[in-house]
Amino acid sequence: MTLKDIQAPLKQQYRDDPGSAVVTLSADGELGAGVACKVSTGQALAEAGLHPATGGDGTQLCSGDMLLEALVACAGVTLRAVATAMELDVRGGLRAEGDLDFRGTLGVAKDAPVGFRDIRLILNVEVRSGDAPSDPDTVATLVKLTERYCVVLQTIKGSATTSVEIAAS
């Protein structure tokens, strides 16, 4: 069964009943010892802590790195799905880089932003159509569609409406 065969009934269901396409995803964490948070990833327990540039010792995951990892994972899966639909063979890797000014998160300079200033997603891939390298227009279409359909990339670019609340325990 191909990806197209698997997705066809889902696409039809979402056309017929748009509400069924809305799914709430979630992530859970427990406060750990010290300045840490244990996050359940579905496959393992990841412990996030402070980046060394903010006083961490480097033994725990940095949530900024985790954001970039989520971007790479989502873009990689999306790239593969789009390439499959376009009947292209794609090999290689992806890299996400982000620039942070830690003066902002440490409260050293009020004019320094808290969060990433710039994020770059680099696709270091070879795209082939059959036995030959794909033409530049096909590669451009692959990149454009990957960018359009990557959930994490679109969320970062679009700055989703976000709220913070405290739930009484």
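A nonpolar core, as I use it, is a set of buried Ala, Val, Leu, Ile, Met, Phe, Trp, Tyr and Cys residues joined through side-chain atoms within 4.5 Å. Buried means under 20% relative accessible area, exposed over 50%, partly exposed in between (1.4 Å probe, protein chains only).

**Ground rules.** I am working from a predicted model, where local features need pLDDT of at least 70, side-chain atom pairs count only at pLDDT 80 or more, and totals for chains, interfaces and linings use all residues. Residues are numbered from 1 along each chain as its sequence is written, and side-chain values use heavy atoms, with hydrogens and water left out.

**Core.** I looked up the largest nonpolar core and found 8 residues: Leu79, Val82, Ala83, Leu88, Val90, Val127, Leu142 and Leu145. (Helices are DSSP runs of H or I, at least four residues; strands are runs of E, at least two; both are numbered from the N terminus.) The most comes from α2, with 3 residues. Another core, of 7 residues, lies apart and includes Leu68 and Cys150.

**Salt bridges.** I count a side-chain nitrogen of Lys or Arg within 4 Å of a carboxyl oxygen of Asp or Glu. The count is 7. Glu97 pairs with Arg95 at 2.9 Å, N to O. Glu97 also bridges to Arg120, with the closest N and O atoms 3.2 Å apart. That pair links strand β5 (residues 89–100) to strand β6 (residues 116–129), 23 residues apart. I noted Arg120 as partly exposed because its relative accessibility is 32%. Arg95, Glu97, Asp99 and Arg120 are linked in a network of salt bridges.
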